[in-house]
Amino acid sequence: MDYDILICGAGAVGASLAAALASAATPWRIGIIEARPRTAATNTDTAAGSFDDRGLALSPGSRQILADSDVWPTLTTVANPIKQIHVSHRGHFGCVRLAAAAAGLPALGYVVPARALGAALFARLDAAAIDWHCPATVTAVNQTATQVTVNIETAGASGSNTQQLTTRLLIGADGSQSQLRDLLNIATRSKDYGQTAIVSSVATASAHTDTAYERFTDSGPLALLPRRDGRSVVVCCLPTEQAAAAMRQSDSDFLQLLQQRFGQRLGRFSEPAARQSYPIRLVQAQEQCRGRVLLLGNAVHTVHPNAAQGFNLGLHDASALAALLSSHAQTADQDPGSAALLSAYLAEREPVQRRVVQFTDWLAWWFYQPHTLLAPARTAGMLAIDKLPAVKQRFIRRLSGLGGQQWPA
């Protein structure tokens, strides 16, 4: 057997799983298959599309997972704490204000450049005994009761080369458009929200004071996340046709669009960075596990970004799987792809996954419904969270992701 665990996809979730396994010092032989080449042009050495110029909002629970994997120390110089969160609905009364100090936490979250996270994860993996197959594409998957056989195609100076690998557990962490999921003919349920997220960053006339803003509008949410350099990451969700037009706008017109949607709470916006766009869809795999193959991260559940839960959910899934694998390594069985281990993982994580998917999907419906009768209910709900200490504390606990908790049923 070539490997005990083979991870297809070295994006944020796949690399985080590999880092967690490396830090747990398990006896497993681990390999990674990544379709994109690793570039050494800069110090950020990133292989996957998830490591771009976006700013990721990590929960305190996610920060602890990265700390346990020896990844967080590298990020401390670039991570910015979120000490307050301000949630509002444009044109409606009421808001939600959350403060880390009131909850006894050092921060409600942390904003980390995705590119910096990729560099930190890859540096951790380079220090571990993990094999890389990169760039390589999976072309076929076959499995028996005891192993999975994976055919990969690699490109080199002399042309393409086909190689066959065997493993006892195959992890599919290759994103929303998972090729491994397609090769296994695993169907998906999907919902197109008809929206596109435009990601950029801006300078603001007033200091962000480590505050994250989420402003819901009738056409989609707008989030501002505080960066370490004083700028703010912007995530502007628009109907797809409007987003396409916004991507073509001049910088001044784009700033005007953001200002009109956000208001003047941070003063005038200026110095917009380059824009990137991402279609917003809900994608759920109808099967998460088949035999010795387990899907992870966006390959299983791609959710709306309105509550910044997507990567945090995938990271918690990876952490739970790594913990089970580490514990299982001490048993007499020592089979990382055993049905008992994978069943235990699904029993632990599927309820959490359902809650997060339902919560983000409900938010998308709740704030975008044009029906005027819902407006008073939305206002009352926001006031209840803001004014009732017990409700606010419960909300913060779930938002923080501490103790593995993510959103109540």
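1. The lining of the second largest pocket comprises nine nonpolar, four polar and eight charged residues. In this classification Ala, Val, Leu, Ile, Met, Phe, Trp, Tyr, Cys and Pro count as nonpolar, Asp, Glu, Lys and Arg as charged, and the others, Gly among them, as polar.

2. The model is a predicted one: local features require pLDDT of at least 70 and side-chain atom pairs pLDDT 80 or more, whereas totals for chains, interfaces and linings use all residues. Residues are numbered from 1 along each chain as its sequence is written, and side-chain values use heavy atoms, with hydrogens and water left out.

3. Of the 21 residues lining the second largest pocket, D53, R54, G55, S201 and R227 lie nearest its centre. A pocket here is an open set of points on a 1 Å grid over the protein atoms alone, where a 1.4 Å probe fits, with protein on both sides within 12 Å along at least five of seven lines; lining residues have an atom within 4 Å of a point.

4. At least two lining residues of this pocket come from each of β7, α4 and β12 (188–204). Helices (H or I, at least four residues) and strands (E, at least two) are DSSP runs, numbered from the N terminus.

5. Strands β3, β7 and β4 form an open sheet in the order β3-β7-β4, with antiparallel pairing; pairing requires at least two DSSP bridges between two strands. The edge strands, each pairing on one side only, are β3 (55–58) and β4 (80–82).

6. Four bridges join β3 to β7 (residues 109–113) in the antiparallel sense. Within β7, V111 stands opposite A57.
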